[in-house]
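Hi,

Here is the structure I promised to pass on. Have a look at it first, and then read on for what turned up.

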Amino acid sequence: MVTVVVGMQWGDEGKGKIIDTLAPQHDIVARYQGGANAGHTVVYNNQKFVFHLIPSGLLHKNVVGVLGNGVVIDPVSFFQELTSLEELGINFKNRLFVAKNAHLTLPYHKILDQIEDNKRGKDKLGTTGRGIGTTYTDKYGRIGVRVVDFLNEEVFSRKLKVALELKNYLFEQYYKESIVKAEQIIEEYSKFRMRLKEFAIDVSAYINEALDTGKNVLAEGAQGTFLDIDFGTYPYVTASNPISGGACTGLGISPKRINKIIGVAKAYTTRVGMGPFPTEIEGDLNERLRTVGNEFGATTGRPRRCGWFDAVIVKYAVRLNGIDELIITKLDVLSGLKKVKIGARYLYEGAVVKEYPLDTEIFENVEVEYEELEGWNESINQVSKFSQLPKNAKRYIERIEELVGIKIAAVSVGSSREQIVKR
Ligand code: GDP
Ligand code: IMO
Ligand code: MG
C-alpha cells in the first residue's frame with residue numbers, strides 16, 4: 001500500500017512531523033522530489049531533528065528510507081546530514097538507499113543558482129540557493145550527472161566536462177565570476193564515490209518488489225502544491241512537482257499503486273521567498289504569528305511571511321492532489337487571538353474568481369473576502385480529543401472543512417509526536 005503526503009500551501013506545513021507520526025505503520029519512507037531545499041522538522045523527546053534530503057520517518061528504527069529518482073542529491077549535503085543525524089544517535093546501516101538514476105547537485109549548480117537569482121534584481125525568486133533549479137535544468141537539458149554516472153569515474157569526468165563548458169563561459173563572460181575547474185571537482189568528489197556506491201540501488205525495482213510482498217510505503221513530498229513547477233505561482237516556484245502525481249514519476253511506481261493521499265495544511269499560511277500571497281498579513285499580527293509559530297526557515301533561517309488560512313488555494317489543492325484526508329497543523333499558534341480569519345473567496349476586478357487562477361498577474365491582484373470567526377483563549381497544546389478543543393477552535397476547523405470541501409482527519413496542536421488530535 002502506498003500513501004502519499006503532500007504540502008497544501010507553500011511548504012513548511014509541518015509535513016516532517018506528520019511523516020514521523022505516520023512512519024511506524026510503514027516499512028519504507030520515500031522522498032520523491034526536491035532536494036536539500038527542504039527542511040522537515042521532527043521533535044522527539046524535546047530534541048529537534050531537521051531533515052533535508054533524508055526522509056523524515058527514520059527516527060523509527062524499523063523504517064527504511066529511500067531517495068527516489070525524482071530527488072536531486074547534493075553529495076556534500078547528503079553526507080553532512082548523515083553525519084549530523086548519526087551524531088544524534090540515528091543508525092542508517094542497511095536502511096537508507098538512493099536511486100541510481102537520481103541527478104546530482106554539483107558545486108556549479110549551487111553557484112549558478114545564487115548568482116542567477118541575484119542577477120534577477122527586483123524579480124529575484126528568493127531561492128534557497130541550494131542549486132535546485134539549476135540541477136533540474138541540467139536534467140531536462142540532458143547534460144545532468146546521475147548517481148550512476150558519478151559511480152563510474154570515467155563517465156563522470158566526461159559528463160562533467162560537457163556540463164561545465166557552457167557554464168564556465170557564462171561564469172566568465174556574462175557573470176564576470178571565476179570559472180569552476182572540472183579537475184578540482186573530480187578530485188574533491190572522489191571521496192564520495194565509494195561511500196555513495198553503498199547507497200545506490202534501483203529504487204523503482206526496490207519499491208515495487210516491496211509492494212508485491214505486502215509492504216507499506218509512505219511517499220514524502222517536499223515543498224508544497226503552490227511551489228509546484230506546473231501548478232504553483234510560476235515563476236515563484238521550485239523546479240519539481242511536489243503534487244501527488246510527482247510520487248509516481250519520482251519513485252518509479254504506477255499511479256495504480258497509490259492507495260491514499262494525505263494533505264498537510266497549516267491552520268494559517270506561510271511562505272518563504274518571493275511571490276504573490278493574497279492572505280498575507282502586514283504588521284504586528286504577522287510578527288505575532290511568526291514569533292509564536294516560530295516561523296523561520298528550517299533550511300535557510302529566513303523569516304517566513306505569515307498570513308491567514310486561504311481556503312481558495314487549499315480547495316484547489318484538494319482536487320489537484322486527489323486528497324483523501326486533510327491534516328491541519330499548528331492550530332495551537334492561533335490560540336489567544338480575539339478573532340481569526342479565513343480567506344474564503346477572491347474577487348478580481350469586482351467579479352468572483354471561481355478557481356485559484358493560474359495566471360500569476362491575476363493572483364497577485366485578487367482581493368480576498370474574509371470570514372471572521374471568534375477566537376479562543378485557552379491553550380490547546382495538551383488537548384488529545386477533538387471534543388476537548390474549545391468551542392471556537394472546533395468551529396474554525398469545521399468552517400475550514402465546509403469551505404474546502406473535505407473532512408479534516410487530524411489536527412496538530414504542538415510540535416511533538418504525541419500532540420495530535422485525531423477525529
Ligand atoms: P515541513 O517543511 O512541512 O516539514 O515543516 P517545517 O519543519 O519546515 O516547519 C514546521 C515547523 O512547525 C517545525 O518547526 C515543526 O516542529 C513545527 N510544528 C509542526 N506541527 C506543529 C504544531 O502543530 N504546532 C506547533 N506549534 N508547531 C508545529
Ligand atoms: P519544505 O520541504 C518552503 C521556496 C524558496 C523559494 C522557492 C524556490 O521544507 O516545505 P528553490 O531553492 O526550491 O529553487 O526555491 O521555493 N522553497 C521552500 N519554501 N519550504 C520548502 O521546503 C521550500 N523549498 C523551496 O524559498 O521561494
Ligand atoms: Mg520546511
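Leu166, Tyr169, Leu170 and Tyr174 make a nonpolar surface patch of about 440 Å². Tyr169 sits in helix H6 (residues 153-174) and is exposed, with a relative accessible area of 51%; the cut-off for exposed is over 50%. Bear in mind that this is a predicted model.

Now for the inside. In soluble globular proteins, nonpolar side chains tend to be buried together. Here the largest nonpolar core has 132 residues, and Ile73, Phe78 and Tyr108 are among those with the most contacts inside it. Helix H11 (residues 311-321) gives the most to this core, with seven residues. Leaving out residues up to four places away in sequence, Ile73 touches several others, including Leu53, Phe78, Val98 and Val147.

Next, the metal: what coordinates the magnesium ion (ligand 3)? Asp12 (OD) and Gly39 (O) do, at 2.0 to 2.2 Å. These two are 27 residues apart: Asp12 is in the loop between strand S1 (2-7) and helix H1 (15-22), while Gly39 is in the loop between strand S2 (28-31) and strand S3 (40-44). Gly39 counts as buried because its relative accessible area is 11%, and the limit is under 20%.

A few backbone details to finish. Tyr234 and Pro235 are joined by a cis peptide bond, with omega about 5°. Arg142 is in the loop between helices H4 (132-140) and H5 (147-151) and is exposed at 72% relative accessibility. Glu349, in the loop between strands S16 (339-348) and S17 (351-353), is exposed at 71%.

Cheers

Key
Residues numbered from 1 in each chain as written. Chains lettered and ligands numbered in written order. Predicted model: local features only at pLDDT ≥ 70, side-chain atom pairs only at ≥ 80, totals over all residues. Heavy atoms only, no water. Donors = N, O, S within 2.8 Å, 3.2 Å for Na, K, Ca; no water. Helix = DSSP H or I, 4+ residues; strand = E, 2+ residues; numbered from the N terminus. Buried < 20%, exposed > 50% of the residue type's maximum accessible area, 1.4 Å probe, protein only. Core = buried A, V, L, I, M, F, W, Y, C linked by side-chain atoms within 4.5 Å. Contact = heavy atoms within 4.5 Å. Patch = residues over 30% accessible without salt bridge, like charges linked within 9 Å, V, L, I, M, F, W, Y side chains within 5 Å. Areas by Shrake-Rupley, 256 points an atom, 1.4 Å probe, with all protein chains shown as cover. Salt bridge = Lys/Arg side-chain N within 4 Å of Asp/Glu carboxyl O.
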